[in-house]
Amino acid sequence: MTTRDDTRISSWKLLARNPVTLVSALVLAAVAVVAVFAQALAPYGINDVDVPNALQAPSLTHWLGTDELGRDVLSRVLVAVQASMRIAVTSVALALVVGVAIGVLAGYRGGWLDTVLMRVVDVMFAFPVLLLALAVVAILGPGVTTTILAIGIVYTPIFARVGRASTLGVRTEPYVRMSQAMGTGDGYILRRHILPNISGPLIVQTSLSLAFAILSEAALSFLGLGIQPPQPSLGRMIFDSQGFVTMAWWMAVFPGAAIFVIVLAFNLFGDGLRDVLDPKQRTTVEARRRER
Amino acid sequence: MAAPTVLTHPIARFVVRRLAYSAVVLLGVAVVVFALVHLVPGDPVRIALGTRYTPEAYEALRSASGLDRPIVSQFFGFVGSAATGDLGVSFRNGDPVTVTLMERLPATLSLGLAGMVIALLIAVPAGIYSALREGRASDAVIRISSQFGVSVPDFWMAILLVGLFSTTLGWLPTSGYRPLFDDPVGWLRHIVLPAVTVGLVAGAIMTRYVRSAVLEVASMGYVRTARSKGLSPRVVTFRHTVRNALVPILTITGIQLATILSGVIVVEVVFAWPGLGRLVFNAVAARDYPLIQGAVLLIAALFLLINLIVDVLYAVVDPRIRLA
């Protein structure tokens, strides 16, 4: 029999054994360092205009080149990654807290509360992601707070569904039943029995949602509705590069590559986590194959 | 014995239940869309008028949009008019919203369908091949490529494609739209890049679903039976496995089509494509609330309609769904 600690250690071992997961974890660790220390890492100021050196190709002085105003692309990408990560983490945290609260409550209580909450979630699901975000921007006007709210609202229903489905799976387990029979309060059961046991699927969903939150933030900023200048954002840098694609490819390529690498890392890490933390989600096929 | 009425048929009952459910969700969507204009901090009419504000223009627009009436009467007026296809008039130019939306719909539909065709051309062969070669190097390559496709920002890919095929090579126009029936060649030249952008991303997502659909079927008992009774691998693959995987593939195609139609906003903006997406974007920038409301309602309704059709088709093909 394995103890709780044994299973934890083996989870880490399993994660580390998959090279793709390991590499994506290292990439994400580097992104986290950038997100914290962007200003210190940036070799130049983000708004240091240097017109004589505009549109310089990547070189030893400007590793990723300069833009149409002579600003250092590397410095702007680093600070933009920081802003992107802040928005993604805050908005997903918002969606996680609100969504899981709705989902767990609906799944644990059931009955009319479940029906009402899930119909509200269904209505939110009927709005396509970017459209809902645009509607929020239309109400509140563009900006960072709006972007966080918009992305948070968009991803809340997903966490509500995952939270509810997982709670339904755990609710009838003997240890929950036993605890209820002993007269334990609902709050304690939710905190000590339900939440820890549904955390696997939620962690996986968090990683995948962070990937999509980065993409959504970039799209909103690209459209001019997210982070506002002079604060650099990856989406807006790509938008501004449109007139210079042929003469200064680096202006378009590097901010986009930054988004691509971060999103890919979150997606691959999420997939790796799923294999370890949420084996039920791992295609039933693989399980069946092993039986054969 | 009385003849069974149409409604006792399981499919009919399922359709009615799904219709009622969609109607409830659509009503919820209408509430949210209606609330949109009332959640705007400050006075939406004032904001929409901006620098064009005069007391007369303000009063005229306010009463034309019905915002001077009590809120309950406004809501029933909104839902009642929307049900008859009247979505009010634009704050900007006074044009009927329904007419504007219908003018834009063909461009979005043609882009969505062209993107879907490209997505299917990628996803079906790649997904089936990947599943049949499960665990081998070619499977890994396809799986990783599809992760790449899922992670690429579509607007970035669009700009790189324009930079390569339009600006540098000069093969295709950078942006714009020609109606299919007026100028078929011009339509094709203009739709290639936006459709490839949409299709590559959707194709990457769908490849994963096609792969797992085929794997799911391949592990079924009847496939094992077919193999063990000595049928050739070819027959097992195409007649037993792929054929049965078509049902889930159909579902994801429908869902993906709905997502494409409602999500082409950024691609339409990059390519100056005069569809619903760019209309919504411009309406948000201009704070044209009736137009935003109408477009959001139409797109959400389209989304629900396609999902409804997919569910019904699924129930027709797979009896387990409607009996569940």
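Me: What makes residues 105–314 of chain B a helical span?
Reply: The span is 83% helix and 0% strand, and its end C-alpha atoms lie 27 Å apart. Helices here are DSSP runs of H or I of at least four residues, and strands are E runs of at least two, numbered from the N terminus. The model is predicted: local features need pLDDT of at least 70 and side-chain atom pairs pLDDT 80 or more, while totals for chains, interfaces and linings use all residues. Residues are numbered from 1 along each chain as its sequence is written, with chains lettered from A.

Me: Which residues of chain A and chain B is I292(B) in contact with, beyond four places in sequence?
Reply: They are A135(A), A138(A), L36(B), V280(B), A283(B) and V284(B); contact requires C-beta atoms, placed from the backbone, within 7 Å.

Me: How many residues of chain B are in contact with chain A, and which helix supplies the largest share?
Reply: 41 residues of chain B are in contact with 37 of chain A. Helix 7 of chain B gives the largest share of this side, 8 residues.

Me: What makes residues of that side nonpolar, polar or charged?
Reply: Ala, Val, Leu, Ile, Met, Phe, Trp, Tyr, Cys and Pro count as nonpolar, Asp, Glu, Lys and Arg as charged, and the others, Gly among them, as polar. The side of chain B that touches chain A accordingly divides into 29 nonpolar, 11 polar and 1 charged.

Methods:
Contact = placed C-beta atoms within 7 Å.
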